[in-house]
Amino acid sequence: MIIQKEYKFYAAHRNEELDDKCSNLHGHRYGLRCFFEVKRSGALSTLFGDFDAKIEPYLKDQYDHGMLIHTGDSLYATLQDHMQRTGERFKLKILDGPTSVENLAHKMFTEITEMGFRLQQLEVRETDTSVVTYTRDDWDEHNRDMAAEQAAAN
């Protein structure tokens, strides 16, 4: 059985590898649609509130009104230097690669899975007309590719 839940958060980002408007710092109201695989036992499978109790506070703490950033982005070092010099703190959500919606989908699929939920699919909406659908098969393949790259590097 599939239970579907939707969440939203606001975040800034830029994609420093692109040579277009997206290389500029800007923000989005991201939409997240989760498709959870659940097993029914008795009259209930999982309560909607069980998802909300973990995911909503996590999104608020880690993502909402923060900045998605890749450590390879030159802006990352600038922000780190600024925070060290001034004591000012920014909410930075570090990604392993450029802050594309595809990389964000992988990170969020991983984080929600680590919360103990079994996702079948995750949709990440960057704009009203731009959505990435990321499946368990995509996640498994991405993780195999990363493991192979890591093994080859060692």
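**Reading the features**

Tutor: Let us start with histidine 65, which lies in the loop between H1 and strand S3 (66–70); helices (H or I, at least four residues) and strands (E, at least two) are DSSP runs, numbered from the N terminus. This is a predicted model, in which local features need pLDDT of at least 70 and side-chain atom pairs count only at pLDDT 80 or more, while totals for chains, interfaces and linings use all residues. Residues are numbered from 1 along each chain as its sequence is written, and side-chain values use heavy atoms, with hydrogens and water left out.

Student: What is the phi of histidine 65?

Tutor: The general idea is that most residues other than glycine have a negative phi, and most peptide bonds are trans. Histidine 65 has a positive phi of about 55°, although it is not a glycine.

Student: Is histidine 65 buried or exposed?

Tutor: Buried means under 20% relative accessible area, exposed over 50%, and partly exposed in between, with a 1.4 Å probe and protein chains only. Histidine 65 counts as exposed because its relative accessibility is 60%. Aspartate 20, which is found in the loop between S1 and S2, is partly exposed, with a relative accessible area of 40%. Of the 154 residues of the protein chain, 39% count as buried.

Student: How many helices and strands are there in the protein chain, and what pattern does the chain follow along the sequence?

Tutor: The protein chain has four helices and six strands, and, read along the sequence, these follow the pattern β-β-α-β-α-β-α-β-β-α. The C-alpha trace spans about 55 × 40 × 30 Å along its principal axes.

Student: How should I read a contact, and which residues does isoleucine 55 touch?

Tutor: Contact means heavy atoms within 4.5 Å. Isoleucine 55, found in helix H1 (residues 48–62), touches Tyr7, Phe36, Ile112, Met115 and Phe117, not counting residues up to four places away in sequence. Isoleucine 55 counts as buried because its relative accessibility is 1%. For the protein chain, among contacts between residues at least 6 apart in sequence, 65% join residues at least 24 apart.

Student: Which polar contact joins the side chain of threonine 99 to another side chain?

Tutor: A polar contact is a pair of N or O atoms within 3.5 Å; within protein, one must be able to donate a hydrogen and the other to accept it, and residues adjacent in sequence count only if both atoms are side-chain atoms. Threonine 99 has its place in the loop between strand S4 (92–95) and helix H3 (101–114), and a polar contact of 2.8 Å joins its side chain to that of histidine 13. A polar atom of the side chain of threonine 99 also lies 2.5 Å from the backbone oxygen of arginine 14. Threonine 99 is buried, because its relative accessible area is 1%.

Student: What about serine 100, and where is its place?

Tutor: Serine 100 is in the loop between S4 and H3, and it counts as buried at 15% relative accessibility. A polar atom of its side chain lies 3.1 Å from the backbone nitrogen of asparagine 103.

Student: How is a pocket found, and what volume has the largest pocket?

Tutor: Rolling a probe the size of a water molecule over the atoms shows where empty space is left. On a 1 Å grid over the protein atoms alone, a pocket is an open set of points where a 1.4 Å probe fits, with protein on both sides within 12 Å along at least five of seven lines, and lining residues have an atom within 4 Å of a point. The largest pocket has a volume of about 200 Å³, a volume being the space filled by probe spheres set on the points, which are joined across faces, edges and corners. Of the 13 residues that line the largest pocket, the closest to its centre are Glu6, Lys8, Gly31, Leu32 and Arg125. S2 gives the most to this lining, with five residues.

Student: Where does arginine 125 lie, and which residues does it touch?

Tutor: Arginine 125 lies in strand S5 and touches Arg29, Tyr30, Gly31, Ser130 and Val131, not counting residues up to four places away in sequence. A polar atom of its side chain lies 2.7 Å from the backbone oxygen of aspartate 128.
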